Amino acid sequence: MNLVPMKQKEAKAFINKHHRHHKASVGDIFRIGLEINNKIVGCVMVGRPVSRRLDDGLTLEVNRCCVLPDIKNACSKLYGAAARAGRALGFKKIITYTLQFESGTSLRAAGWKPEAEIKGQLWNKPSRFREQKSLFQEYNKIRWVKLL
């Protein structure tokens, strides 16, 4: 397995095709691909935290991690690479979320820790309409963190 840079268009296409429950995020700061025998088998998109209160200029968020089925240790490798790249860029913390029923094994293997339980909610509010883009918005989540 080799880590490779990816263009945003390529990462979005991979995620839109293969992610289990989300489409690609709109923007990012950087992305990292994972290839085997010159074929992309996974990628991460890393950007600013979606939560405005966590966006302090020193925190990154892995907005998407997507790996083809049965590629062992791929998620851990991508989470580790995202943290190392963030540290090299001067960031102090990196976060991501899993659905509450997901194990988080890949994150633990990469040295991340569960930080908080987040109640799922729709982004659509009476004061501001937002289209529901995922059936999983209402599911509770675990926020994971790695200090850089």
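Student: Why is R20 called exposed?

Tutor: The model is a predicted one. In it, R20 has a relative accessible area of 69%. A residue counts as exposed when that value is over 50%, so R20 is called exposed.

Student: What makes R20 and E102 a salt bridge?

Tutor: The closest N and O atoms of R20 and E102 are 2.8 Å apart. The cut-off is 4 Å between a side-chain nitrogen of Lys or Arg and a carboxyl oxygen of Asp or Glu, and therefore the pair qualifies as a salt bridge. R20 lies in the loop between helix 1 and strand 2, while E102 lies in the loop between strand 5 (93–99) and helix 3 (105–109). The two are 82 residues apart, and the pair links distant parts of the chain.

Student: How many salt bridges does the structure hold?

Tutor: The structure holds five salt bridges. Among them is the pair of E115 and R143, whose closest N and O atoms are 2.7 Å apart. This pair also links distant parts of the chain, with E115 in strand 6 (residues 113–118) and R143 in strand 7, 28 residues apart. K93, E115 and R143 are linked in a network of salt bridges.

Student: Why is E115 called partly exposed, and why is R143 called buried?

Tutor: E115 has a relative accessible area of 37%. R143 has a relative accessible area of 8%. Buried means under 20%, and R143 is therefore buried.

Student: What makes D55 and R48 a salt bridge?

Tutor: Their closest N and O atoms are 2.5 Å apart, and the limit is 4 Å. D55 is partly exposed, with a relative accessible area of 24%, whereas R48 counts as exposed at 57%.

Student: Are C43 and C66 buried or exposed?

Tutor: C43 has 0% relative accessibility and counts as buried. C66 has 2% relative accessibility and also counts as buried. Buried requires a value under 20%.

Student: Why is H19 called buried, and which contacts does its side chain make with backbone nitrogens?

Tutor: The relative accessible area of H19 is 18%. The limit for buried is under 20%, so H19 is buried. H19 lies in the loop between helix 1 (8–18) and strand 2 (30–36). Its side chain reaches the backbone nitrogen of H21 at 3.1 Å and that of H22 at 3.1 Å. The cut-off for a polar contact is 3.5 Å.

Student: Why is N37 called exposed?

Tutor: N37 has a relative accessible area of 74%. Exposed means over 50%, and N37 is therefore exposed.

Technical notes: Residues are numbered from 1 along each chain as its sequence is written. This is a predicted model: local features need pLDDT of at least 70, side-chain atom pairs count only at pLDDT 80 or more; totals for chains, interfaces and linings use all residues. Side-chain values use heavy atoms; hydrogens and water are left out. Helices (H or I, at least four residues) and strands (E, at least two) are DSSP runs, numbered from the N terminus. Buried means under 20% relative accessible area, exposed over 50%, partly exposed in between (1.4 Å probe, protein chains only). A polar contact is a pair of N or O atoms within 3.5 Å; within protein, one must be able to donate a hydrogen and the other to accept it, and residues adjacent in sequence count only if both atoms are side-chain atoms.
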